[in-house]
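Here is a short tour of a two-chain model, written to be read beside the coordinates. Have the viewer open and follow along.

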There are 2 protein chains.
Amino acid sequence: MAKAITLLESTRTDHRAQADELLTALLPHTGRALRLGISGVPGVGKSTFIEALGLYLIREQGLKVAVLAIDPSSTVSGGSILGDKTRMEQLSNEQDAYIRPSPSGGTLGGVAEKTREAMLVCEAAGYDVVIVETVGVGQSEIAVHGMTDMFCVLQLPNAGDDLQAIKKGVMELADLVVINKADIDPHAAIRAQAQITSSLRLLAMHGNPDHDWKAGLVWRPKVITLSALKGEGVDEFWAVVSEFRSMQTGNGRLAARRERQALAWMWERIDFGLKQAFRQHPEVRALLPQLQQDVAAGRIAPSTAARSLLAAQTGPAQAAAN
Amino acid sequence: MAKAITLLESTRTDHRAQADELLTALLPHTGRALRLGISGVPGVGKSTFIEALGLYLIREQGLKVAVLAIDPSSTVSGGSILGDKTRMEQLSNEQDAYIRPSPSGGTLGGVAEKTREAMLVCEAAGYDVVIVETVGVGQSEIAVHGMTDMFCVLQLPNAGDDLQAIKKGVMELADLVVINKADIDPHAAIRAQAQITSSLRLLAMHGNPDHDWKAGLVWRPKVITLSALKGEGVDEFWAVVSEFRSMQTGNGRLAARRERQALAWMWERIDFGLKQAFRQHPEVRALLPQLQQDVAAGRIAPSTAARSLLAAQTGPAQAAAN
């Protein structure tokens with residue numbers, strides 16, 4: 001399994017053709033796992049929660065659990081949220097657990113693509129639950145939401161925090177909000193639960209296609225409290241996840257979500273490929289620095305510069321058609 | 001002026017070359033106007049406000065005022081927020097006012113591009129203030145923010161409304177929030193002012209490069225109340241706008257903002273052109289329907305499909321390099 005993931009993560013051209021063959025061969029054996037996204041800012045207790053959840057799923061539910069991560073900061077620092085082997089020590093010693101740190105290097109899009117492909121390998125290898133973890137940095141939550149069946153946001157029992165999540169557009173993506181560390185101040189946790197529930201209701205006014213506050217047959221985002229450190233509430237969390245999975249499978253939303261995600265992933269990679277080919281084109285590289293200066297200085301209109309650069313890439317024959 | 005704008009809005013290929021020449025010739029005469037973005041949901045009183053502001057600027061300040069609009073719904077309905085000639089009747093009768101409805105048809109990106117180019121024509125024609133209006137629909141606020149020096153959000157004195165604006169990421173773009181219709185319930189207006197001010201402070205924690213809540217030399221978003229219908233507060237609004245302009249000119253942020261906007265506009269048009277050329281490529285058009293079905297059905301990995309399509313566009317020679 002590690003070999004397959006390493007092949008998929010390789011940037012060598014000859015490896016890529018093999019990797020595509022591997023993916024196509026694996027694909028019929030994927031899709032049966034539950035893909036669970038877990039997001040939350042540093043300090044919210046994600047590792048403790050994922051370890052408690054993973055141990056519960058393996059020991060109490062008899063499931064196999066894979067944990068992947070997307071950490072855009074690992075691109076910069078070389079470090080990773082899951083690089084530290086002392087994290088989730090108990091879980092990593094379980095035979096039915098597989099833990100893989102965030103791929104490092106490259107763009108968030110590249111990191112996300114490698115994680116998506118690793119998820120398919122885990123599924124083909126028979127893991128029942130694939131947890132994709134991310135820190136609350138940049139666009140990483142959106143990437144994780146875009147590859148999972150259910151997206152959970154961990155929050156501290158601190159009423160101000162939810163505004164940041166709303167601002168970043170993360171809260172409206174949440175299928176489930178988990179207020180962790182509820183044991184420290186149970187009253188604050190209950191206040192935060194009420195406030196976030198009311199925010200979610202307002203946010204739902206403009207539609208997330210996976211949610212519906214009016215119809216009874218579609219999921220309404222929930223807010224629960226728990227204490228991962230004390231192991232309290234993990235069973236309730238799993239009950240809510242199971243309820244979500246059952247409802248969204250029954251009403252067809254889970255299949256629709258995966259279809260949207262697959263097509264969005266394809267187009268994202270196409271966009272990336274188009275931009276990369278454009279920036280690497282010799283004519284574009286020759287013209288770009290001067291045109292960028294001219295645009296910044298107001299000597300040439302941005303639309304005119306864009307047309308010149310597009311014409312440079314396609315060559316004189318096609319330029320007339322633009 | 002109307003002829004120039006019509007030429008810029010033409011989609012004919014031979015017109016486009018002339019339009020580029022015209023833009024390049026106009027460019028040295030642009031940039032002296034204040035570009036003011038006004039956003040707000042239907043019913044907030046935008047037309048009344050813009051008419052009151054326009055009349056004030058012409059009659060009290062001796063300025064020439066142009067009003068442009070971006071209305072993505074006009075693409076669908078063929079109608080437009082400024083299509084109705086009875087709107088802003090007094091302002092449209094002023095010699096020093098120019099009012100142009102939203103271009104209709106095409107994508108929001110296309111509509112925004114035409115409006116940006118019309119703005120340059122207005123500036124070259126000597127208008128001192130160019131107001132770009134938009135309804136609170138889709139991504140249009142972001143487009144207007146991306147082409148103006150100062151972005152103002154109109155709100156009703158209704159405390160719940162700001163959450164929608166925060167959710168859509170509009171509130172954090174606001175340089176100035178205007179609570180209109182304050183005469184109806186002055187107490188509610190003052191409460192809304194306090195609440196939005198506190199939200200803006202929290203939102204400012206992650207940086208909008210044009211704002212700074214710590215440093216004294218950079219703009220802090222303000223919240224004011226007024227009644228456009230009664231004409232109360234328009235002078236105060238203009239005083240705040242003038243203060244903004246003077247501060248952001250002095251500290252260099254206005255010039256930096258325009259530079260960022262011009263480069264972002266160029267890249268946006270390049271992205272659009274790349275996608276359009278891709279979708280129109282005969283090989284891509286031949287392969288796309290089947291590959292999309294295969295990806296949606298889980299028969300082929302999205303990354304594999306993306307690579308196949310990119311290879312189809314570039315041809316077999318370059319495909320090996322991907």
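Through which surface do the copies meet? Of the interface residues of chain B, 100% are also interface residues in chain A, so the copies meet through the same surface. Please keep in mind that this is a predicted model, in which local features need pLDDT of at least 70 and side-chain atom pairs count only at pLDDT 80 or more, while totals for chains, interfaces and linings use all residues. Residues are numbered from 1 along each chain as its sequence is written, chains are lettered from A and ligands numbered from 1 in the order in which they are written, and side-chain values use heavy atoms, with hydrogens and water left out.

**The interface**

Chain B gives 50 residues to the contact and chain A gives 50 residues, contact meaning heavy atoms within 4.5 Å. Between them the chains bury about 4,700 Å², 69% of it on carbon and sulfur atoms; buried area is the accessible area (1.4 Å probe) that two parts lose on being put together, summed over both.

The rule finds seven salt bridges across this interface, each a side-chain nitrogen of Lys or Arg within 4 Å of a carboxyl oxygen of Asp or Glu. On the side of chain B that touches chain A, the elements giving two or more residues include α2 (13–26), α9 (186–203) and α11 (253–280) of chain B. Helices here are DSSP runs (H or I, at least four residues) and strands likewise (E, at least two), numbered from the N terminus. The largest share of that side, 14 residues, comes from α11(B).

**Salt bridges**

Over all chains, the structure holds 29 salt bridges. Two of them are set out here.

| Salt bridge | Closest N and O atoms |
|---|---|
| A:Arg307 with B:Asp20 | 2.4 Å |
| A:Glu123 with A:Arg35 | 2.5 Å |

The pair of A:Glu123, in helix α6 (residues 108–124) of chain A, and A:Arg35, in strand β1 (residues 34–40) of chain A, links distant parts of the chain, 88 residues apart.

**Confidence**

The model scores ipTM 0.82 and pTM 0.78. Chain A has a mean pLDDT (the predictor's confidence in each residue, from 0 to 100) of 86, and 85% of its residues reach 70 or more. Over residues 75–79 of chain A the pLDDT is below 50. Where pLDDT is low, the predicted coordinates should not be read in detail.
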